[in-house]
Amino acid sequence: MFYTGDPKQERCSVVLRVAPTFIRFGSFEIFKPIDSTTGRAGPSFTKDGALQAQMLPAMLNHVIKTYFPGLWEQHNGDSLQQASDSSQRHAMYLDFFREVVRRTAAMVAAWQCVGFCHGVLNTDNMSIIGLTLDYGPYGFLDRYDPGYVCNHSDDSGRYDYQSQPSICRWNCLKLAEAIQGALPLSKAKQELEIFDQEFDRCYWASMRRKLGLLEVDGGEEDQELITDLLQVMHDTGADFTNTFRRLANFPMLTTHPQGEQDRQANGAGPSGSGHDSTAVEEQLLNNLAPSEVLAQAAKPRLPIEQLQFLQMLAGKDPAILAQFGASAQMIQAEIERMNASAKLQDVTPDQKAQNDRKAWRGWLARYGIRLHREAEAGADPHKRVQIMNATNPRYILRSWIAQQAIEKAEKGDYSEVRRVLKLLEHPFSDDIAAQIAEESATSNDKAAYSRTLLYDGPVPAWAAALCVSCSS
């Protein structure tokens with residue numbers, strides 16, 4: 001993980017990956033025509049089109065018949081192979097493409113809702129059946145950062161967390177281009193709207209569930225509440241996983257919403273019943289990243305000299321930027337990061353604490369009012385907590401947890417690997433850490449005992465720079 005470019009001898013292992021199929025979007029790009037920029041074409045591309053005319057339908061038919069049998073039967077695929085009317089085959093291929101797009105959108109929506117980031121989202125790492133496949137240098141968010149990059153090699157941030165949905169959509173377009181020999185591109189491109197619709201449906205439904213908003217569909221109001229929560233998390237340096245887990249302890253309001261708004265206007269903390277809502281507020285505030293950490297994280301990914309060079313190229317010939325793996329949008333994003341970092345460096349701890357409390361208190365007040373609507377609709381508060389805790393994992397495979405296990409394993413001690421594996425087999429459990437700790441204490445491993453209590457704790461200072469590479 002701390003890759004320096006210097007090779008060293010390491011222990012190796014054989015990892016057996018299992019999946020229903022490893023056919024990917026990129027499998028169909030063997031027929032890709034000559035690229036106007038690179039001058040390269042797919043290995044099975046022929047100028048007369050004879051080879052792809054024979055192989056592409058055969059590949060599509062195999063995939064649909066084997067992995068989408070419902071579509072094959074619906075369109076009577078066996079008879080279609082002999083049909084002279086291509087429009088009938090187009091209908092089956094179009095339904096297949098729609099389903100691939102739908103599954104891909106649902107998949108990346110699920111990633112986003114647990115803070116998962118795929119490190120190399122090119123077409124060759126996209127499963128044709130909508131599986132999470134070949135994620136290589138992947139990572140889960142610690143502190144919520146939409147610009148989080150989990151791949152050491154991704155200098156431009158092409159595959160950062162916030163870009164994952166748009167990249168997956170773009171890959172669907174590339175699939176449409178790859179199979180245009182069997183399905184007209186004009187027809188397939190019209191179906192890309194399905195991606196946006198399915199992503200929104202899955203994403204907002206899951207995010208509402210993560211907040212326990214189960215009885216009342218708040219529509220755009222809920223979307224605004226969720227979007228503002230993510231912004232507060234980003235601005236204050238809150239942990240993505242732990243924040244949602246802690247919010248399960250925030251009670252449904254017993255006071256009238258207007259009364260709660262008046263309390264907030266007078267600077268009071270959120271009110272509630274059951275668990276003390278003020279305690280939840282304090283938990284959130286006591287686990288935020290300091291301003292210096294946020295300033296460091298916001299620094300440009302590119303060295304200032306390289307950024308200045310790219311700015312010069314953008315001014316002279318923007319077309320050349322693409323050859324350097326850059327774009328005007330990327331340069332602008334880097335400049336914005338630089339400005340944000342400089343601004344954060346001027347914030348004192350007291351100023352940050354004051355700003356953080358104001359931001360969280362304001363959002364929690366709105367959340368409390370929204371939960372009051374749930375209570376009025378007959379929501380069961382205990383069921384809400386159960387569903388939130390079954391939706392929001394307490395434990396994820398954070399990079400620093402993996403690194404600790406790796407370092408012990410390299411010395412021949414696999415006890416930490418076994419503990420982490422057991423923990424991740426029960427990611428939603430509040431009891432598993434105590435069970436592991438008890439087992440570790442029984443074996444007199446006091447160091448392991450203390451670590452298990454911190455698997456959902458703050459990121460250690462030594463792990464701030466951890467980033468996985470393709471060879472990790």
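This is a predicted model: local features need pLDDT of at least 70, side-chain atom pairs count only at pLDDT 80 or more; totals for chains, interfaces and linings use all residues.
Helix axes are lines fitted to C-alpha atoms over the stretch in contact, and the angles between them run from 0 to 180 degrees between N-to-C directions.

On the α7 side the contact involves Tyr203, Trp204, Met207 and Arg208, which meet Asp222, Gln223, Ile226, Thr227 and Leu230 of α8. By residue type, this contact comprises 5 nonpolar, 2 polar and 2 charged residues. Helix α7 also has the highest mean pLDDT among the elements of the protein chain, at 98, while helix α21 (residues 446–452) has the lowest, at 50. For the protein chain, pLDDT averages 87, and 91% of the residues score at least 70.

Helix α9, spanning residues 240–247, packs with helix α11 (residues 277–285) at an angle of about 175°, their axes being 10 Å apart. The two helices are therefore roughly antiparallel to each other. Thr243, Arg246 and Leu247 come from α9, and Val280, Gln283 and Leu284 from α11, to form the contact. Its residues divide into 3 nonpolar, 2 polar and 1 charged.

Helix α9 also holds Arg245. Despite its charged side chain, Arg245 has a relative accessible area of 10% and is therefore buried. Beyond four places in sequence, Arg245 touches Asn389, Asn392, Pro393, Arg394, Phe428, Ser429 and Asp430. Arg394 turns up again among the contacts of Asp456, together with Asn242 and Tyr395, once neighbours within four places in sequence are set aside. Asp456 lies in the segment after α21 and counts as buried because its relative accessibility is 15%. Although Asp456 and Tyr395 are 61 residues apart in sequence, their C-alpha atoms are 5.9 Å apart in space.

Attention can now turn to the interior. In soluble globular proteins, nonpolar side chains tend to be buried together. In the model, the largest nonpolar core has 84 residues, of which Phe28, Ile128, Trp360, Trp363 and Tyr367 touch the most other members. Helix α4 gives the most to this core, contributing 13 residues. Apart from this core lies another, of 12 residues, including Ala405, Leu423, Ile432 and Tyr455.

The surroundings of Trp360 can be listed in detail. Leaving aside neighbours within four places in sequence, Trp360 is in contact with Leu229, Val232, Met233, Thr236, Ala238, Thr243, Leu284, Leu285 and Leu288. Two of these partners, Thr243 and Leu284, also take part in the contact between α9 and α11. Another, Met233, lies in helix α8 and is buried, because its relative accessible area is 0%. With the same exclusion of sequence neighbours, Met233 is in contact with Tyr144, Ala238, Asp239, Phe240, Thr243, Phe244 and Trp360. Leu454, which is 221 residues from Met233 along the chain, has its C-alpha atom 21 Å from that of Met233.

Outside four places in sequence, Met92 touches Asn61, Ile64, Leu71, Trp72, His75, Gly77 and Leu80. Met92 and Asn122 are 30 residues apart in sequence, and their C-alpha atoms are 26 Å apart in space.

Most residues other than glycine have a negative phi. Asn76, in the loop between α2 (69–74) and α3 (77–80), has a positive phi near 55°. With a relative accessibility of 45%, Asn76 counts as partly exposed. Asp134 likewise has a positive phi, near 50°, and is found in the loop between β1 (116–117) and β2 (139–140). Asp134 is buried, with a relative accessible area of 18%, which falls under the 20% cut-off for that class.

Notes:
Residues are numbered from 1 along each chain as its sequence is written. Side-chain values use heavy atoms; hydrogens and water are left out. Contact means heavy atoms within 4.5 Å. Helices (H or I, at least four residues) and strands (E, at least two) are DSSP runs, numbered from the N terminus. Buried means under 20% relative accessible area, exposed over 50%, partly exposed in between (1.4 Å probe, protein chains only). pLDDT is the predictor's confidence in each residue, from 0 to 100. A nonpolar core is a set of buried Ala, Val, Leu, Ile, Met, Phe, Trp, Tyr and Cys residues joined through side-chain atoms within 4.5 Å. Angles under 35 degrees count as roughly parallel, over 145 as roughly antiparallel, 65 to 115 as roughly perpendicular and the rest as oblique.
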